Amino acid sequence: MRQALHRSSQARFRVKRRALLAALGASSLGGFLPRLGIAQAATPIKRLVLVFQPNGVIMDTWRPPSGTPAGAPIGQLSRTLAAFEPVKSKIAVITGLDQRSYGADNHQQGMGGLWTGSRMGPESELSKPAPENGALADGMSIDQAVAQANVGKTRFDSLQFQVDRLTTGGLGPGWMTGIYSGPSQPILGENNPYEMFDRIFEGVGSVGVGMSDQGAQLRAERKSVLDRVATELTALTGTLGATDRLKLDQHLTHVRSIERRLVDGSVMGASCEPTSLDAALADEKEPLDNDNYPAMVRLHTDIAMLALRCDLTRILSLQFSFSVSGINFKWVESGSSGGGRDHHEHSHDWDTVEASTTHLSDIDRWYADQVAYLAQSLDAVQDGEATLLDNTCIVWGNEIARGGHTLDDMPFLVAGGAAHGMPQGKVFDFQGTDTLHNRLLVSLGRGMGLELDRFGTGDESSGGLPGFV
Amino acid sequence: MQSLIRTDKTLVASRQRSSALIALGLLGLACRGEISGADPAAVDDVNGVPLVPSGAPTDEVRSVAETCNAAASASAEFAPLARLTRREYVRSVKDLVGVDVPLENLQPDGIVGLFFANVGASVSETQVDGYRETAEQIAEAATQDVSALTGCPNADETCAGSFIQSFGRRVFRRPLRGDEQAAYSEIYRVGIGREGFRGGIRLVVAAMLQSPWFLYRVEQTPRTAAGPVQLNGFEVAARLASLITSSTPDAALLDAAESGALDTEAGVTAQADRLLATPQAGSALGAFHSEWLKVSGVTETEKDLSAFPMWTSELKAAALAETERFVGYVLGQGDGKFSTLLTAPFTVLDPALAPIYGVTVPAGGGRVDLPLAERSGLFTQIGFLAVKAHKQQTSPVRRGLGLLQSLACISLPPPPNAAAAVEPSTVTNATTRERFAAHSANPACAGCHVKIDPPGFIFESYDAVGRYRSSENGVPVDSQVTIVDKDDEIDFEGDYPNVRALLERVAQSQTVTDCYATQWFRYALKREPVLRDACSLKRMLAAFDGSQGKIGDLVRAVATSDAFRFGVKEAE
């Protein structure tokens, strides 16, 4: 018996969700007719998408040509934002918002504060250098506030896509994610798009085994296991103190959510047939390879859009890399002149080395192209009387303002969200008004139906962003 | 050299030291009053106060905690429920069913100081789903040869019952209760619907690996008493296995727990000694050191491939393995001393690293002697030197800061944001030292960088991937430095001609040995030491000193400390 447990197995395996599905007799993913449908509703279903880009931007090429008063119609787009031309009438370009700094490193405060509007802490951690600095945001992020007010309406209350991250100890979680389910409760996203696809779509349409004959047995097996896990979590919870109870309660919530998804007879969104990405998914690439970054950004984005189109979630975050990102952008126009230096290294020379300024501006434009692709793609999907973009509020933000690593005059862009009451085709510059970005977060929450006056720890004034909902 | 009685200079020197002094004022109270256990409520005011907000305990603990003795030091601090780290999960699964799970299948860990620990944040839904899927995969692989796994001749319900009992005891780190045995038997019966017996066992394995009793290190005993209470044998066993093997208790350790042997200090010592002699210990203690120096990050460290084409995934994996194998070697075949880790003129190499070191490596790898003048232990290995460098050039800041953090427990704050643009660009025809001269010239930077840069400059004899070099851009490397102690924090200030001279001095430094012991405390307890821990720390320091710096003795001392063996419930 014990020998068996100690057997020196040579059986190495790399977990392959897709391989598992095939082994269990599931149909292959190919060969289905696209049949994308979106639930038609009397009032439009509203979605929220948070998009993150790191390391600040070159404001001279990001900012719309000067001289436009707040709320003015968009005139000419800047060099960086040129790709938004086809959806220009549906975006709001926002500059001049400040994020409050609380003594943390600005990359770190910006990462944790961008979507939470909250300080990083505790204080004792802030004085430590990066590798041992465990500071976290002291509040939940706006997407999670919305998600927690809409539990169970879709297959996933929210989804976190995360392209690129460190896992082996260079930086703590506080530098890796902007999404928080509560104070000091960071949510790290999934960085493997193949895993993400299978997780989202198992049992949807013809994907996976959930709906097959084999599926009945598998569902029974998973039900028995998840029920047991839930029973044990519940029993344990009663024997522990408040801090530990919170952890197990959260764990139990996740188990219940997984059970609803994998076990319950009716799978929400199951009628959708997500086959449009078969080719990209079949051409599997190493997710963390620098050179695969463009392909990973695109694949994560495509999967996210598919999840929206199938109405499997209405709230998601697309986090492109993380604070202090070290991606080497060889593929942009000035990539060959990058000299082997990465995004963050260049960002420190943003105003002193001309080649870096140019390269950084090209990086910004590359990111803008990705967000514009998302917006345009959603605008091509009819959703009731409007387009999916009209019913989706995309917000694109950055953890710092520019290479100088400041938190004032932060660049934001809102795309779509007509259904949310977001301004369409407008430019807003809040420079000189001491307006904190918390008020934008309030507007995002209000747009999604929350009754909010303030959000996060950073805003003494109340209300949404002037000119917004 | 710091001393217990400090000068005014120290009081204003830095925030960190001031905090330490405030803590010091309470320390006597902690060790005399508390901790008899007679009236725990009386000392609640010191509970949770950080003992060493930054820095090693050093003289405070050595001098003030003299009143500590076995009878009067049953101290404990609330330990939050700890979810397994990625390494603990992977190694536990390996030990339980012989299956290798790739580390990248699990989400990144949280941190306590320099070490991985999942004690704060709740688990994410992505990870819970990942646990489920990974458990299903492990169960599939582990039951390929189901009779080997169960070990019984007949594939029947009796066999399943005995498997549930014995396997469950390993996975849960305690015997199953009757209702649990019944529940998992029911799961077995669901599982036989697919592939019969094998399917049943497979489902049991998959279920147990998703149990909170596996995924968390559950400690319920502290909830049963008002004050500090000794953890039960199984809870001590789980801590011990985590500390020494990064895994789950083996059968012998569980037997010791069941027999009551782990209720005594002698019993814990005996099991700690047994575990320290296992091959898993060398590897797990190696992993402590790779986290301590952040060499753990080398596999995700990128270099400019046009300058360093040899920087491949294979080489990075070999660099991580070097540090962990070297530590295992010193502990298993060497003298087991901390000083050897810092000064050894040898390492343990994979052939992939031969070009970096410029040496011949035996086929399959192994111990290699290195030039005494070129290499001196862990801090001159590829992992540390490459992680603490930029993609194209070295980083005296990262290396100096890394040395001060890991060895002296000095945590200097990040640079002010306004002065963030500090890293000089590569400029040809200049040495790194010249490029960084601005740090000491600019008063805004000098305050910290006069401490950071010298221990960084001493590593200028190594390029960004850790190759030894005597010149940079045709200019001879100047590795001579003066280490200063302007804030009265360290005892190894002085002039050093090269890195070996510094590390040989550091290996004898009390600042450094005290810090090293504190790092082990953080790692073992997954929390910062607080005032209540003063006596535990004092015992650790005494054991370490008494054995002339044997790492095994330090690990045994933390395992037998009150902080490790006792628990207290969370203040409600």
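Me: What should I know before reading any values?

Reply: This is a predicted model, in which local features need pLDDT of at least 70 and side-chain atom pairs count only at pLDDT 80 or more, while totals for chains, interfaces and linings use all residues. Residues are numbered from 1 along each chain as its sequence is written, chains are lettered from A and ligands numbered from 1 in the order in which they are written, and side-chain values use heavy atoms, with hydrogens and water left out.

Me: How many helices and strands does chain A have?

Reply: Helices (H or I, at least four residues) and strands (E, at least two) are DSSP runs, numbered from the N terminus. By that rule chain A has 14 helices and 14 strands.

Me: What share of chain A counts as buried?

Reply: Buried means under 20% relative accessible area, exposed over 50%, and partly exposed in between (1.4 Å probe, protein chains only). Of the 469 residues of chain A, 63% count as buried. Contacts are another way to read the fold; a contact means heavy atoms within 4.5 Å. Among contacts in chain A with a separation of 6 or more, 74% come from residues 24 or more positions apart.

Me: How is the size of an interface given, and what area do chain A and chain B bury between them?

Reply: The size of an interface is often given as the accessible area lost when the parts come together. Buried area here is the accessible area (1.4 Å probe) that two parts lose on being put together, summed over both. Chain A and chain B bury about 8100 Å² between them, with 52% of it on carbon and sulfur atoms. Chain A brings 86 residues to the contact and chain B brings 98 residues.

Me: How many polar contacts and salt bridges are there between chain A and chain B?

Reply: A polar contact is a pair of N or O atoms within 3.5 Å; within protein, one must be able to donate a hydrogen and the other to accept it, and residues adjacent in sequence count only if both atoms are side-chain atoms. A salt bridge is a side-chain nitrogen of Lys or Arg within 4 Å of a carboxyl oxygen of Asp or Glu. Between chain A and chain B the count is 8 salt bridges, and 27 residue pairs are in polar contact (both at pLDDT 80 or more).

Me: Which element gives the most to the side of chain A that touches chain B?

Reply: That is α9(A), with 15 residues. The residues on this side divide into 32 nonpolar, 29 polar and 25 charged. For that division, Ala, Val, Leu, Ile, Met, Phe, Trp, Tyr, Cys and Pro count as nonpolar, Asp, Glu, Lys and Arg as charged, and the others, Gly among them, as polar.

Me: Is A:Val255 buried or exposed?

Reply: A:Val255 counts as buried because its relative accessibility is 2%. A:Val255 lies in helix α9 (residues 242–262) of chain A. Leaving aside residues up to four places away in sequence, A:Val255 touches A:Leu226, A:Val229, A:Ala230, A:Leu233 and B:Val128. Its C-alpha atom is separated by 8.6 Å from that of A:Asp227, 28 residues apart along the chain.

Me: Which residue meets A:Asp227 in a salt bridge?

Reply: The partner is A:Arg256, at 4.0 Å, N to O. This pair links distant parts of the chain, with A:Asp227 in helix α8 and A:Arg256 in helix α9 of chain A, 29 residues apart. A:Asp227 is partly exposed because its relative accessibility is 25%, and A:Arg256 is partly exposed at 38%.

Me: What about a salt bridge within chain B?

Reply: B:Arg177 forms one with B:Asp179, the closest N and O atoms being 3.1 Å apart. B:Arg177 is partly exposed, with a relative accessible area of 41%. Salt bridges that share partners join A:Arg199, A:Glu202, A:Arg222, A:Arg261, B:Glu125, B:Asp129, B:Arg132 and B:Glu136 into one network. In one of its links, the side chains of A:Arg199 and B:Glu125 meet at 3.6 Å, N to O.

Me: Where is the kink in helix α22 of chain B centred?

Reply: The bend at a residue is the angle between axes fitted to the seven residues ending there and the seven starting there. Helix α22 (residues 443–457) of chain B has a kink of about 60°, centred on B:His449. B:His449 is among the buried residues of α22(B), as are B:Cys445 and B:Phe457. The cover over these buried residues includes α19 (396–408), α20 (432–435), α21 (437–441) and β10 (481–483) of chain B.
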